[in-house]
Amino acid sequence: MKPTLILVGADKGGVGKTTISRAILDYLARRNIMTRAFDTENPRGTLHRFYPNITEVIDLHHVGDQMKILDTLDTANVRLTLVDLKAGNLGRALDTFEKIGVLEAARAGHFDLGLVHVIGPAIASMDEIGEIAKYIHGINYVVARNFVNETSFFEWDPKTYKRYFARVKEQDEIDIPKLNEMAYEQVDLSGVTFKDFIDNKSADGTAGNFSFVLRGYVRRWCYEIDQEFERLSLLQNLLVQRAPTAAAAE
Amino acid sequence: MGPCPRISPEQQGGGRRGLVTPKIHVVCSDQARNGKTLLSRIIADDLTLIGREPMIFDAEYPAGGIRAFLPERTRLVDLSKIGGRMAMIDTILGTPPRDYVIDLPCRLLLETFELFDQIDFVGESRNAGFSMIVLFIIDRPFSSLRTARQIYNSGQLDRYVPVRNLAVGHVSDFSQIANLYGEIAEDGEIVLSVLERKVVDFIEQRGFSFSAFLMNRYVQPAPDIRHNLRVFLNDVFAQMREVHGRIEVHGLRRMGLV
């Protein structure tokens, strides 16, 4: 069965890359799909804090760390490998992957490759789309508009929108809904996965003491984000070819 | 969209198997000054009289409404803020089950039911052993009935009871809306009869409680006031007991016990 590699990135910082990486891992864990993740925010990764058992912090510019991801896609006992790219590193990472033949291998069908490009409410974020357009033909390109920390997003003017996507032939789009700020902070502070927060479980596996209201907000947010993920063939293919089906490591 | 089915905790298989299901009474309306706080007070005092020791959430923040009458068992909460929502809902679900009365101001009506839906409060309270009763006071404008139906259809509420306060009135030609009303009154209705002005003045005194009055722990008014108030209370208590009884019997019937 073909492995899947998902890169989650953005050149702009603070747009919610790690939140979306967590949401993807959480979505798949709730469906018993085993995953592993690489956090390129070295030396101390944020993603690693939430998924310590399946996440390794790496430096993507070290050949040894590149090998950890790419040379083990077929042999790792998981269907999905997710790489949370450090802020400002998206273009450089794609350039590296192009040079070493990763993108070409994906285009040739050796594995499924998806890029989840997280954009925030700023034109700078939109400009990135044009900058990376040359890399993304033949791979699953997903634009994730992140509302999680924002009360509003800039209006998508049709002309502006068309201009930014002119060089991108195909893309999926998802909206990451807003999550109540206090609920978001509480999950963040507790260092647990969204699923464990909803289930009122602490990081050490014991019963938590999280507010029902905040858990309710997170449950609802996960429900809404699931609706978005269910439109992505990149993730749905993983569910169709469900193997191995053992509970996810987290 | 048709009305959602009403599911009792017993049907769900969750909750405590006590003799009486603890209940959360949400007293609400889309209009102000039509008897929400009066009905909340009567329900709370009725529960007090039968030893159920209810707790009241007064959402008329910051002024407070029902708190002026039953301060010892009332907590003022700001349901427009997350802190207030946590104070109420985490208390209800995080402490041993008891009866609750929520006096909800009309300005927070839709927002609060949207919150209940978002966090699945009804389902979680059911799992915790509660039965939730929404008592909606239908006012004179037709829009009030429309909003009542909107709330009725908004989620899997356990029980929904429309209330008509005859002192306020209702849609002018009730016969025209009887069918629409009938659909939302399947769990029964409460009708508040008209009280004379002097009775209203008597019960609106700060600190007055119906339970204290009925237990003769309050300065007794003139005989006619006392008589009229007793008749009024007996009437409302009887209707509330019928609603509560129907809920219990419904649950027992579903369990095949009656």
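Visitor: What makes up the contact of chain A with chain B?
Guide: Eight residues from chain A and 11 residues from chain B take part; two residues are in contact if their C-beta atoms, placed from the backbone, lie within 7 Å. On the side of chain A, helix α10 (residues 212-229) gives the largest share, five residues. That side has four nonpolar, three polar and one charged residues. Here Ala, Val, Leu, Ile, Met, Phe, Trp, Tyr, Cys and Pro count as nonpolar, Asp, Glu, Lys and Arg as charged, and the others, Gly among them, as polar. This is a predicted model, where local features need pLDDT of at least 70 and side-chain atom pairs count only at pLDDT 80 or more, while totals for chains, interfaces and linings use all residues. Residues are numbered from 1 along each chain as its sequence is written, with chains lettered from A and ligands numbered from 1 in the order in which they are written.

Visitor: Why are α8(A) and α10(A) called roughly perpendicular?
Guide: Their axes, lines fitted to C-alpha atoms over the stretch in contact, cross at roughly 95 degrees and come within 9 Å. Angles of 65 to 115 degrees count as roughly perpendicular, therefore the name applies to α8(A) and α10(A).

Visitor: Which residues of α8(A) and α10(A) meet?
Guide: A:Met182, A:Ala183, A:Gln186 and A:Val187 in α8(A) meet A:Leu214, A:Tyr217 and A:Val218 in α10(A).

Terms used: Helix = DSSP H or I, 4+ residues; strand = E, 2+ residues; numbered from the N terminus. Axes fitted to C-alpha atoms, helices over the stretch in contact; angles between N-to-C directions. Parallel < 35°, antiparallel > 145°, perpendicular 65-115°, else oblique.
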